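Okay, everyone, thanks for coming.

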Amino acid sequence: MFLFKTELALRQHLDNISSKPIGFVPTMGALHKGHESLIQASKDRGCYTVASIFVNPTQFNDKSDLEKYPRTMDADLDLLYHIGCDAVFCPEVSEVYKEGKAPVPSVDLGHLGNTLEGAFRKGHFEGVMQVVARLLEMVSPQILFMGQKDLQQLTIIQRMIQQLGIEVELAPCPIVRESSGLAISSRNARLDEVVLPHVHLLHDTLFYCKQQFGKMTIPALKEQAVQKLDLPFFKLEYLEFLNAQDLTILSNGADVDNVVAAMAVWAKDVRLIDNMLVKGKF
Ligand code: AMP
């Protein structure tokens, strides 16, 4: 496995890879089975697989969240090596944000920019677009692998790729979960013993939404579903039913073919997001 810290060294290496398409998996490290599934998806597509590890400061609206973000470089490299990743790119902040090199892309996000995660994490998606556009420029992959766990991010990056005419295929990868149903996340390590036995309720709530969808109105279903999370250490930020294609919030899903339920919940001081398709397909 090759390890690169500079754009120049990475480019010199990748310019000599012509036998396989380049598959790219951007990450912020603290790697787990969710990330592993993205690497595997790239390998399964026959790609020369490049992962990046870069904790992007511009997508954190909360400085303490950035400081608390787990950094486990040795374990990450070990995981990538053992799964058979071909190359890893671990740039410094100064390499990514060289002067004038990384403007926030001008993309019309419409409602996507300021609903759901966009409403609660101001500036977050601008930072995500900025770093993904810059990483795509540096890695220049044929296929970009991203997780459906961050569904709004995926939808926004798809829109950015279309609007900027970036030549890359975006390959969405399904959510990987713990056996309890909890979506795997780097943040889960911060869940304490009081909340841990109950965090499966996020998945249970979404699953209930899936089972009950269409049997009652969306407002009635929301009212019932949120009761499942009525515990003192949970604080629900949102639970919404969305058109899976463009993530518009639905109050009536009867004539929409593909519907996803999405939520964000604080479990004490850990913010968790999850989603589940309740009707149709992505
Ligand atoms: P992050 O390191 O959190 O920026 O995530 C890097 C990529 O891994 C993103 O495309 C995420 O959507 C994806 N990812 C994170 N957790 C999971 C999961 N549990 N299942 C599938 N993909 C995931």
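**Around the ligand**

Let's begin with a nitrogen atom of the ligand, which sits 2.9 Å from a polar backbone atom of Val176. Before I go on, a word on the model: it is a predicted one, where local features need pLDDT of at least 70, side-chain atom pairs count only at pLDDT 80 or more, and totals for chains, interfaces and linings use all residues. Residues are numbered from 1 along each chain as its sequence is written, and side-chain values use heavy atoms, with hydrogens and water left out.

Back to the ligand. An oxygen atom of the ligand is 2.6 Å from an N or O atom in the side chain of Asp150. There is also a polar side-chain atom of His35 at 2.9 Å from an oxygen atom of the ligand. When I say polar contact today, I mean a pair of N or O atoms within 3.5 Å; within protein, one must be able to donate a hydrogen and the other to accept it, and residues adjacent in sequence count only if both atoms are side-chain atoms.

How much of the ligand does the protein bury? Taken alone, the ligand exposes 490 Å², and the protein buries 92% of that. Those areas come from the Shrake-Rupley method with a 1.4 Å probe, and for residues, only the protein chains shown count as cover.

Which elements give two or more residues to the shell around the ligand? They are β2 (22–27), α2 (33–44) and β5 (143–147). Of these names, α2 gives the most, with 3 residues. The helices (H or I, at least four residues) and strands (E, at least two) are DSSP runs, numbered from the N terminus.

There are 16 residues around the ligand, and the ones that come nearest are His35, Gly147, Asp150, Val176 and Ile184. To be near, a residue needs one of its heavy atoms within 4 Å. Sorted by class, the shell has 9 nonpolar, 5 polar and 2 charged residues. For that sorting, Ala, Val, Leu, Ile, Met, Phe, Trp, Tyr, Cys and Pro count as nonpolar, Asp, Glu, Lys and Arg as charged, and the others, Gly among them, as polar.

**Cysteines**

How many disulfides does the structure hold? The count is 0, where a disulfide is a pair of cysteine sulfur atoms within 2.5 Å.

Cys47 counts as buried, since its relative accessibility is 2%. Cys209 is buried as well, at 0%. Buried here means under 20% relative accessible area, exposed means over 50%, and partly exposed is in between (1.4 Å probe, protein chains only).

Now look at helix α10, residues 218–227, where the buried residues are Ile218, Leu221 and Ala225. Looking down the axis of α10, you'd see these buried residues fall within an arc of 60°, so they line one face of the helix. The arc is that of the directions from the helix axis to the C-beta atoms. On the face of α10 turned away from the buried side, you'll find the exposed residues Glu223 and Gln227.

Next, find His13 in helix α1, residues 7–14. His13 is buried, with a relative accessible area of 15%, and its side chain makes a polar contact of 2.6 Å with the side chain of Tyr48.

Here's some background for the loops. Most residues other than glycine have a negative phi. Ala30, though, has a phi near 50°, a positive value in a residue other than glycine. You'll find Ala30 in the loop between β2 and α2, and at 11% relative accessibility it counts as buried.

Lys268 also isn't a glycine, and has a positive phi of about 55°. Lys268 sits in the loop between β8 (259–267) and β9 (270–279). Is Lys268 buried or partly exposed? At 40% relative accessibility, Lys268 counts as partly exposed.

One more stop: Lys281, in the segment after β9. Lys281 is exposed, with a relative accessible area of 56%. Along the sequence, Lys281 and Tyr97 are 184 residues apart, and in space they are 37 Å apart, C-alpha to C-alpha.
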